[in-house]
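Please have the sequence and the model open side by side as you read.

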Amino acid sequence: MVIKVYISGISGNKEVKKRQQRVVMILESKNIEYEAIDIAEPGKEAEKEFMQQNSKAKDSKYALPPQIFNEEEYCGDYEEFDLANELDELEKFLKVPAGSIQANDTSKSSFTNGNVTSSREQSTEKDTVERHTISSLSEDRISAENHEETEEDDETTERKSPVNHSESKDTADVEAEEEEMATDKEKSTAEEATNHTADNSDESEEEEEEEDE
């Protein structure tokens with residue numbers, strides 16, 4: 001018994017490629033031996049003709065890959081394969097003896113701590129973990145950026161501080177000069193007053209001498 005999957009390795013149809021990959025993935029996950037036949041390869045004209053003649057076309061003139069056979073017996077297309085997988089009827093679909101497929105289908109369900117977890121639940125949990133991881137990375141990145149901004153602000157403040165210190169020093173020098181000028185002015189005023197007093201004293205003495213004469 002050999003399960004044959006007819007595929008096209010050069011198909012430009014993304015949906016066809018996606019379906020081919022899923023069929024192969026499910027067969028491998030269940031340890032089902034199969035043979036992939038690429039009808040697009042040179043020298044596979046007879047296989048291509050066999051697939052088209054023995055498959056059931058639905059939406060096109062010829063049946064599109066993937067098409068599944070058990071030896072020469074037609075099993076069905078992708079949609080029928082996927083439905084049988086969802087209903088746990090792959091053995092019936094593939095026309096193989098009951099119990100010949102191992103129940104380790106990780107694409108459908110798996111046991112986690114004794115509970116059955118469906119592939120949809122696993123996907124949801126994975127998405128949640130990924131979103132949490134992305135969120136954590138974003139928070140770390142924002143924190144790092146804020147830290148860098150703080151460091152830049154500190155550096156800017158440090159660069160400005162010498163300027164302010166210099167300005168303060170200049171202001172202190174100006175004030176000291178003003179005080180010195182004021183002191184000099186006061187001294188000059190005091191000297192003028194002293195000289196004026198001395199002059200007045202001389203004039204008084206001269207007047208007294210004239211009166212005595």
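Is aspartate 77 buried or exposed? At 8% relative accessibility, aspartate 77 counts as buried, where buried means under 20% relative accessible area, exposed over 50%, and partly exposed in between (1.4 Å probe, protein chains only). This is a predicted model, in which local features need pLDDT of at least 70, side-chain atom pairs count only at pLDDT 80 or more, and totals for chains, interfaces and linings use all residues. Residues are numbered from 1 along each chain as its sequence is written, and side-chain values use heavy atoms, with hydrogens and water left out.

**Salt bridges**

- The structure holds eight salt bridges, each being a side-chain nitrogen of Lys or Arg within 4 Å of a carboxyl oxygen of Asp or Glu.
- Side chains of opposite charge can pair when their charged atoms come close.
- Aspartate 77 pairs with lysine 58, and their closest N and O atoms are 2.9 Å apart.
- That pair links distant parts of the chain, since lysine 58 sits in the loop between helix 2 and strand 3 while aspartate 77 is in strand 4, 19 residues apart; helices (H or I, at least four residues) and strands (E, at least two) are DSSP runs, numbered from the N terminus.
- Lysine 58 is partly exposed, at 47% relative accessible area.
- Salt bridges with shared partners join Glu15, Arg19, Lys58, Asp77 and Glu79 into one network.
- Within helix 1 (residues 14-29), glutamate 15 and arginine 19 are four residues apart, so about one helical turn separates them.
- The closest N and O atoms of glutamate 15 and arginine 19 are 3.4 Å apart in their salt bridge.
- Glutamate 15 is partly exposed at 39%, and arginine 19 is partly exposed at 25%.
- Another salt bridge joins glutamate 72 to lysine 4 (3.6 Å, N to O).
- Those partners lie 68 residues apart, with glutamate 72 in the loop between strand 3 and strand 4 (73-77) and lysine 4 in strand 1 (residues 3-7).
- Lysine 4 counts as buried, at 14% relative accessibility.

**Backbone features**

- Proline 65 and proline 66 are joined by a cis peptide bond, with omega about 0°.
- Proline 66 is found in the loop between helix 2 (45-54) and strand 3 (67-70).
- Aspartate 88 is not a glycine, yet has a positive phi of about 60°.
- The loop between helix 3 (78-86) and helix 4 (90-94) holds aspartate 88, which is exposed at 62% relative accessible area.
- Lysine 95, also a residue other than glycine, has a positive phi near 60°.
- Lysine 95 lies in the loop between helix 4 and strand 5 (109-112) and is partly exposed at 37%.
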